[in-house]
Structure formats: C-alpha cells, structure tokens
Amino acid sequence: MTDLATASPGSEAGAVYRHDIPAESPWSRVLKRGQTLRIVDSEGQQAVDALLYCADDPAERYSAQDTLRVQGSAYIDLGTRLVSNKGRVMARITADSCGRHDTSAGCCSCESNAVRFGESTKYQHACRENFIMELSKHGLTKRDIVANLNFFMNVPIDPSGNFTVVDGISAPGNYVDITADMDVIFVISNCPQVNNPCNGFNPTPIRVAIWDPPAL
Ligand SMILES: [Zn+2]
C-alpha cells in the first residue's frame, strides 16, 4: 500500500483544481482518497475554519478530541493525522509552511460573538453561518457541525493550560497541505471574525488547490 504521506504536489500548474475563496465566504469539495488539498493564506493572518466528513457516510466525521488523543499533543502541524469519530484516519498534514494550527478554540457564531463581544456584534456574519450554508449542499445541517479545525489560527496554550486567540503568525503565501486517506467532504469557512486578532481584524481571501496522487 502506498504511503499517502509521501505524496507531495508539484507546482500549482499541475493541480486539477484551483480556486480563490473570497473573504468571509464558505467553500466545500469532495476530496478523493490520495488527493492533496493545499490551503494558501494568500495575504497572511487569516484563520481558516474546516470540517471533514466521510463522503460515503457523513455520520463519520472529524473528531478534534480523537485527533488530539491519538497524537498526544495540542496543536495541528506537519504529520498530524486527522482522526474521525470512528477512530479512522481521514487525512493527514503532508506539508506546512506556517507551523501553527489550532483545533481547540472552535468556530465563531452569532451567539458566541454576542456573549464575547457584546450584543451589537450579534448580526455580524460568522463561521457557524458559513458552515450551515455550505453543509446544506451536502444534505447536512447545523446538527452536523462539530468541533472544527482552525488552520493558520494562533491559540497558544500556556503551562497552566490557559489559552486564548492571539495574533496570527502566518505570512502571506503560507500554506498547509492535507492529503486524504479516504474520500472526504472538506468544508471551509474563511473566517469573517473582526472582533479578535485571528484575522488581523481584516478578513482576506484564501486560495485552494487540489492535486491528484502521484502516478505509481
Ligand atoms: Zn470564524
């Protein structure tokens, strides 16, 4: 069996799919087993919230808790295996030029914005709304939203266990590659948050590209 972790895409010219996701917008695509998705933080300091579902049975989906338990550490970085609620590896991080990704701090919502930042922020667009819109394309609803990944989001955890969202460290053009170990519905919310520093208070576009697995 081919070790999918060895798959490494070449130049973007070889990609089978390329797309710029506008600021504050959702996106999704079925990623076939062996394909690699690259997410590029085009302008830097942009959090990218993400969820994964097994394409054959979306009841199997990304599990932040199982992912952290299996790897025994708190951050998502090169080599991290993204594990499902059934304990199977859905995908893995096969390249990373940023070095810091989160899966502890969840996604923003109108409700949490109101609690954290005041009632006046309740009507701002949020990741939860992006997820609801994008999941509807796959027959899924808000009941299917689980604890998510936050690519390029900087949430340092201090020795006492406290953590908070701080300024992102990703530079313009930083990227992360995710190679699928099964067919997955990959869902993204390009985070619209403007009340904390996860997007540098200025949400910006991101870019995605997909490569087929290298020929055997
Ligand atoms: Zn968000």
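Colleague: Which residues of H3 are buried?

Modeller: Keep in mind that this is a predicted model. Counting a residue as buried when it has under 20% relative accessible area, H3 gives you Cys-127, Asn-130, Phe-131, Glu-134 and Leu-135.

Colleague: And where do the buried residues of H3 fall, seen down the axis?

Modeller: Looking down the axis of H3, the buried residues fall within an arc of 120°. They therefore line one face of the helix. What they pack against is S4, strand S2 (26-31) and strand S9 (184-190).

Colleague: Let's do the metal. Which residues coordinate the zinc ion?

Modeller: The donor spacing in sequence reads C-x18-C-x63-C. Distances to the zinc ion run from 2.2 to 2.3 Å, and the donors are the SG atoms of Cys-108, Cys-127 and Cys-191.

Colleague: How many residues apart in sequence are the parts that Cys-108 and Cys-127 tie together?

Modeller: Both Cys-108 and Cys-127 are buried. Cys-108 sits in the loop between strand S6 (89-96) and helix H2 (110-117), while Cys-127 belongs to helix H3 (residues 127-135), so the pair ties together parts that are apart in sequence by 19 residues.

Colleague: Moving to the strands, why is S10 largely enclosed by the rest of the structure?

Modeller: Strand S10 covers residues 206-211. It is largely enclosed because, of its six residues, the number that are buried is five.

Colleague: Which strands are joined to S10 by bridges?

Modeller: Strand S1 (residues 17-21) runs antiparallel to S10, with five bridges joining them; in that pairing, Ile-21 has Ile-206 as its bridge partner. Five bridges also join S10 to strand S3 (residues 36-41), again antiparallel. So that's S1 and S3.

Colleague: Which residue in S10 does Ile-39 stand opposite?

Modeller: Ile-39 touches several residues beyond four places away in sequence, including Ile-206, Arg-207 and Val-208. The one in S10 that Ile-39 stands opposite is Val-208.

Colleague: How many residues are in the largest nonpolar core?

Modeller: Ile-39 is among the residues with the most contacts inside that core, along with Leu-52, Phe-151, Ile-178, Phe-186 and Ile-188. Strand S4 (residues 48-54) supplies the largest share, four residues. Apart from it lies another core of nine residues, among them Cys-127 and Cys-198. The size of the largest core is 31 residues.

Terms used: Residues are numbered from 1 along each chain as its sequence is written. This is a predicted model: local features need pLDDT of at least 70, side-chain atom pairs count only at pLDDT 80 or more; totals for chains, interfaces and linings use all residues. Side-chain values use heavy atoms; hydrogens and water are left out. Buried means under 20% relative accessible area, exposed over 50%, partly exposed in between (1.4 Å probe, protein chains only). Helices (H or I, at least four residues) and strands (E, at least two) are DSSP runs, numbered from the N terminus. Two strands pair if DSSP finds at least two bridges between them. A nonpolar core is a set of buried Ala, Val, Leu, Ile, Met, Phe, Trp, Tyr and Cys residues joined through side-chain atoms within 4.5 Å. Contact means heavy atoms within 4.5 Å. Donors are N, O and S atoms within 2.8 Å of the metal (3.2 Å for Na, K and Ca); water is not among the atoms, so sites may look incomplete. The arc is that of the directions from the helix axis to the C-beta atoms.
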